[in-house]
Amino acid sequence: MFGIFMESLVILKLYTGLKLLLFLTFLLWVYLLVREKERRNRVMFVYAPLIILVLFLFPLSRKVFVAAGLDPETYYRILWTIPMGMITVYGFCRLFEGHRRIGAVIGAALIGLCGSYVYQSDYISKAENRYHIPDTVIEICDLIEPENAAARVSAVMPPELIHFVRQYSARIHMPYGREMLVQRWAYYNAVYEAMEGSEILDLEKLLEATREEYCQYIVLSPGRECRQEPAACGLELVGEVDGYRIYLDPVTQEIVDSWQEYYEDDE
């Protein structure tokens, strides 16, 4: 039990980072514990966070979580239910309720000084467009999307583009998605294996897999080496966007076109 408790404590440390913002939230939580008289507010900002934290650290809670069939790697998400931001803001409001203007300035300054510049993170970048995804992805998607609004295309994308493509367009089908990028899930996909299974791409093996899935387009990362020349394998270069090469497979495209003609005639 002690081992489980220590693991949960480590998760809490990694989640919060034990930074100044956490300390600021704790100070304001203590202030609300002493000064807040409204029952509903005490329940939300004082009692509920404490109960959640205690249950999170309690070893039996994690045992029940895992026994319920939930992924133990997502146990940290319980901490999402602690309204740290609301505690901080409401605490400042109560602290400076008699001097709101100066309170707002001091509160904003302390939050800013205790925080960190978000763009220092490797996982956050400045938005390039209103979709908040790289312009490169938009250009690639616009290049391969069919003119017919009711039609769909299938494309093999490099792993680094998968998340963004599915956010931008529902008209582009991919044979694999985010599930292939999480190793512990141990999913298998023949197209992904052919695409990412070796450092040098075997196009013939990839085409064998993509034609089974009727993928019309293959998008290769900048500098990706291939054992065979794409043209020698029958692929047609549609375009290049920021180093990403977009190829059309005429064999699959012909099959898809024949299907479309069949359904149109049937209607």
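Where does Tyr 119 lie? In this predicted model, Tyr 119 is placed in the loop between helix H6 (100–114) and H7; helices (H or I, at least four residues) and strands (E, at least two) are DSSP runs, numbered from the N terminus. The model is a predicted one, in which local features need pLDDT of at least 70 and side-chain atom pairs count only at pLDDT 80 or more, while totals for chains, interfaces and linings use all residues. Residues are numbered from 1 along each chain as its sequence is written, and side-chain values use heavy atoms, with hydrogens and water left out.

Tyr 119 counts as partly exposed, at 35% relative accessibility; buried means under 20% relative accessible area, exposed over 50%, and partly exposed in between (1.4 Å probe, protein chains only). Apart from its neighbours within four places in sequence, Tyr 119 is in contact with Ile 124, Ser 125 and Lys 126, where contact means heavy atoms within 4.5 Å. Tyr 119 and Phe 56 are separated by 63 residues in sequence and by 30 Å in space, C-alpha to C-alpha.

Ser 154 belongs to strand E1 (residues 153–156) and is buried, at 5% relative accessibility. When its neighbours within four places in sequence are left aside, Ser 154 is in contact with His 173, Pro 175, Glu 213, Tyr 214, Cys 215, Gln 216 and Tyr 217.

Two surface patches are described next. Patches are made of residues with over 30% relative accessible area and no salt bridge, with like charges joined within 9 Å and nonpolar side chains (Val, Leu, Ile, Met, Phe, Trp, Tyr) within 5 Å. A salt bridge is a side-chain nitrogen of Lys or Arg within 4 Å of a carboxyl oxygen of Asp or Glu. Accessible areas come from the Shrake-Rupley method with a 1.4 Å probe, and for residues only the protein chains shown count as cover.

The nonpolar patch consists of Phe 23, Phe 26, Leu 27, Val 30, Leu 33, Val 34, Val 43, Tyr 47, Ile 51 and Leu 55, which together have about 880 Å² of accessible area. Its largest share, six residues, comes from H2; helix H2 (20–35) and helix H3 (39–57) each supply at least two residues. Val 43 lies in helix H3 and is partly exposed, at 39% relative accessibility.

Glu 128, Asp 135, Glu 139, Asp 142, Glu 240 and Asp 242 form a negative patch. Lys and Arg count as positive and Asp and Glu as negative, whereas His and the chain ends are not counted; the place of a charge is taken as NZ of Lys, CZ of Arg, CG of Asp or CD of Glu. Helix H7 (residues 135–144) gives the most to this patch, with three residues. Asp 242 sits in the loop between strand E4 (236–241) and strand E5 (244–248) and is exposed, with a relative accessible area of 54%.
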